[in-house]
Amino acid sequence: MNFVVCLKQVPDTSEVRIDPVTNTLMREGVPSIINPYDAHGLEEAIRLKEKVGGKVTIVCMGPPQAKEALKKAMSYGADRAILLSDRAFGGSDSLATAYILSMALQKLHETEPIDLVFAGKEAIDGDTAQTGPGIAQRLGFPQLTYAIKVRELTETSITVERKTESGRQVVQAQLPALLTVEKELNDLRYASLPNMMKAAAYEPETWDAKTLPFDVKQMGLKGSPTSVSRIFAPPGRSGGEIIDASKDPASIAATVVQKLFQSNVIMVNPLAKGGKR
């Protein structure tokens with residue numbers, strides 16, 4: 001089978017700081033890592049390749065330095081890595097990013113039909129969870145989101161268990177399909193020494209804006225209907241009020257209730273069913 005993993009290099013958010021003057025991210029000295037959710041998608045693609053046979057191709061959109069993330073991904077056992085890099089891609093939001101990635105996947109699909117696409121549920125530097133579904137929509141692939149377990153994979157279909165707000169859901173789709181995955185899907189492996197040596201010598205392919213018939217109106221800033229106007233750190237929380245109820249519990253209880261009414265935590269005349277105005 002032909003598996004494709006959409007991967008993104010992101011700043012390690014545990015190390016990111018915000019400039020208090022400019023309210024922008026301070027990226028200097030911040031290490032870049034493989035987006036954690038994407039890493040679990042890669043792990044699952046490699047596991048399925050080992051189980052049923054096939055090929056794993058990684059596709060990443062980013063600056064030239066994203067090659068390091070691709071090399072690291074190759075050390076886990078992938079077979080091919082493609083970097084989509086061009087200044088024309090700069091400033092793309094999730095909609096434009098999905099367009100660029102889908103065009104690359106369409107080209108791959110025409111030469112080597114894709115069976116399954118993996119993407120993390122979201123990137124930790126954006127948290128939109130829109131790129132994977134956007135790719136699926138453009139390719140016309142069924143999308144199975146928030147996958148936490150692959151129950152069955154056949155030549156024509158896949159059955160997965162997905163996380164929902166109320167519990168778990170088992171869904172099935174015909175191939176080709178796209179999965180967005182959660183971290184619960186699997187445990188990440190360590191790279192083997194042979195694969196690390198192979199990855200060190202591997203040079204990822206680079207595709208630019210001239211490689212495919214891109215529509216410039218659908219990528220970069222021109223193709224991005226959303227933009228980040230400001231980034232800021234949320235204000236710190238002030239300490240709560242402490243009331244000593246050891247001396248006069250009854251009086252303190254009345255004071256607390258009064259404060260709850262004043263802050264509208266408790267309403268005098270709740271407008272619930274059966275309530276009176």
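This is a predicted model: local features need pLDDT of at least 70, side-chain atom pairs count only at pLDDT 80 or more; totals for chains, interfaces and linings use all residues.
A polar contact is a pair of N or O atoms within 3.5 Å; within protein, one must be able to donate a hydrogen and the other to accept it, and residues adjacent in sequence count only if both atoms are side-chain atoms.

Residues are numbered from 1 along each chain as its sequence is written, and side-chain values use heavy atoms, with hydrogens and water left out.

**Overall picture**

- The protein has 6 helices and 13 strands; helices (H or I, at least four residues) and strands (E, at least two) are DSSP runs, numbered from the N terminus.
- The radius of gyration of the protein is 24 Å, well over the 19 Å that the globule rule gives for 277 residues, so the protein is more spread out than a compact globule. That radius is taken over C-alpha atoms, and the globule rule is 2.2 Å times the number of residues to the power 0.38.
- Along its principal axes, the C-alpha trace spans about 75 × 45 × 45 Å.
- Of the 277 residues, 41% are buried (buried means under 20% relative accessible area, exposed over 50%, partly exposed in between, with a 1.4 Å probe and protein chains only).
- The protein exposes about 16,300 Å², and carbon and sulfur atoms supply 52% of that area; accessible areas come from the Shrake-Rupley method with a 1.4 Å probe, and for residues only the protein chains shown count as cover.
- Among contacts (heavy atoms within 4.5 Å) with a separation of 6 or more, 69% are between residues 24 or more positions apart.

**Nonpolar cores**

- A nonpolar core is a set of buried Ala, Val, Leu, Ile, Met, Phe, Trp, Tyr and Cys residues joined through side-chain atoms within 4.5 Å.
- The largest one holds 37 residues, and Ile58, Leu116, Phe118, Ile158 and Leu179 have the most contacts inside it. Helix α1 (residues 36–52) gives the largest share of this core, 5 residues.
- Apart from this core lies another, of 27 residues, including Cys6, Leu108, Val117 and Phe214.

**Helix α1**

- Helix α1 is mostly covered, with 13 of its 17 residues buried.
- From first C-alpha to last, α1 reaches 25 Å, close to the 24 Å expected at 1.5 Å a residue; the expected span of a helix is 1.5 Å times one less than its number of residues.
- Gly53 follows α1 and has a positive phi, near 85°.

**Helix α3 and Ser94**

- The 18 residues of α3 should span 26 Å at 1.5 Å a residue, and its end C-alpha atoms are 26 Å apart, which agrees.
- Buried residues of α3 include Ser94, Tyr99, Ile100, Leu105 and Leu108. Their cover includes β1 (2–7), β6 (55–61), β7 (80–84), β8, α4 and β13.
- Ser94 lies in α3 (residues 94–111) and counts as buried because its relative accessibility is 15%.
- The side chains of Ser94 and Gln130 are joined by a polar contact of 2.5 Å. Beyond its neighbours within four places in sequence, Ser94 is in contact with Thr128, Gln130 and Thr131.

**Backbone details**

- Most residues other than glycine have a negative phi, and most peptide bonds are trans.
- Leu175 and Pro176 are joined by a cis peptide bond, with omega about 0°. Pro176 lies in the loop between β11 (167–174) and β12 (177–181).
- Ala129 has a positive phi, near 60°, and its place is in the loop between β8 (116–120) and α4 (131–139).
- Tyr146, in strand β9 (residues 143–153), also has a positive phi, near 55°. Tyr146 counts as partly exposed, at 31% relative accessibility.

- Val228 is in the loop between β13 (205–207) and α6 (249–262), and counts as exposed at 66% relative accessibility.
- Val228 and Ala253 are 25 residues apart in sequence and 46 Å apart in space, C-alpha to C-alpha.
- Phe261, in helix α6, is partly exposed, with a relative accessible area of 32%. Phe261 and Glu68 are 193 residues apart in sequence and 57 Å apart in space, C-alpha to C-alpha.
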